[in-house]
Each structure stands twice: as C-alpha cells, then as structure tokens.
Amino acid sequence: MHKCWSLYNKEEKLRIDDLRIDQVRTILLAIPTSRIRDWYACKEGDLHWQTISDIPEFYEDAIVDKGTSIPAKEEAGKP
C-alpha cells in the first residue's frame, strides 16, 4: 500500500489530504511558479512538513513539466 501525501499552502491556510503522488504532481502543475514556495508537503507517517523544493521528485518534476525554473527556496516557518 502506498502512503498518501498532504499539501499545505501557508499563505491561504489551505490543506489537501489523502493524495496519491500522481495527484500531487497534477496539483503542482496547476500552481503558478511564483507561488510554489508557499506550498509544503508531508507524507503519511512523517512528522515534519517540507517545502516542495526540498522534495526532489516533486521539485524536479515541476521544473521539467513546466519547462521553467522554480524560485529558490526561502527559509520560512513550516506549518
């Protein structure tokens, strides 16, 4: 059984739970590149949220799929 992911937007206080990895990738494609740094992800069973740019499979896929660069990660409080 695959573990589910959750996404969290720190600016809009929006949380989306119980996502498969393909659903996470689809959502990330819909997020404007300039707003990607507002999003965090956490895999079921993990204790800490990570910025999208700290998760290589999401960060690198987003770069390739969007054909653009993602803004550099910032140090910020995590949810």
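Two strands count as paired here if DSSP finds at least two bridges between them. Keep that in mind for the tour; the model you have open is a predicted one.

Start by selecting residues 39–43, strand β3. Of its 5 residues, 4 are buried, so the strand is largely enclosed by the rest of the structure.

Now bring in residues 50–51, which form β4. This strand is also antiparallel to β3, joined to it by 2 bridges. Tyr 40 has Thr 51 as its bridge partner in β4. Follow the chain through the hairpin of β3 and β4, where 6 residues sit between the strands. Stop at Gly 45, which has a positive phi near 95°.

Time for the inside. The largest nonpolar core has 12 residues, including Trp 5, Leu 7, Leu 19, Val 24, Trp 39, Ala 41 and Phe 58. β1, α1 (21–30) and β3 each give two or more residues to this core. Zoom in on Val 24: beyond residues up to four places away in sequence, Val 24 touches Trp 5, Leu 7, Leu 19 and Phe 58.

Last stop: Asp 38, in the loop between α1 and β3. Is Asp 38 buried or exposed? Its relative accessibility is 8%, so Asp 38 counts as buried, the cut-off being under 20%. Show its surroundings and, leaving aside neighbours within four places in sequence, you'll find Asp 38 in contact with Tyr 8, Asn 9, Lys 10 and Glu 11.

Methods:
Residues numbered from 1 in each chain as written. Predicted model: local features only at pLDDT ≥ 70, side-chain atom pairs only at ≥ 80, totals over all residues. Heavy atoms only, no water. Buried < 20%, exposed > 50% of the residue type's maximum accessible area, 1.4 Å probe, protein only. Core = buried A, V, L, I, M, F, W, Y, C linked by side-chain atoms within 4.5 Å. Contact = heavy atoms within 4.5 Å.
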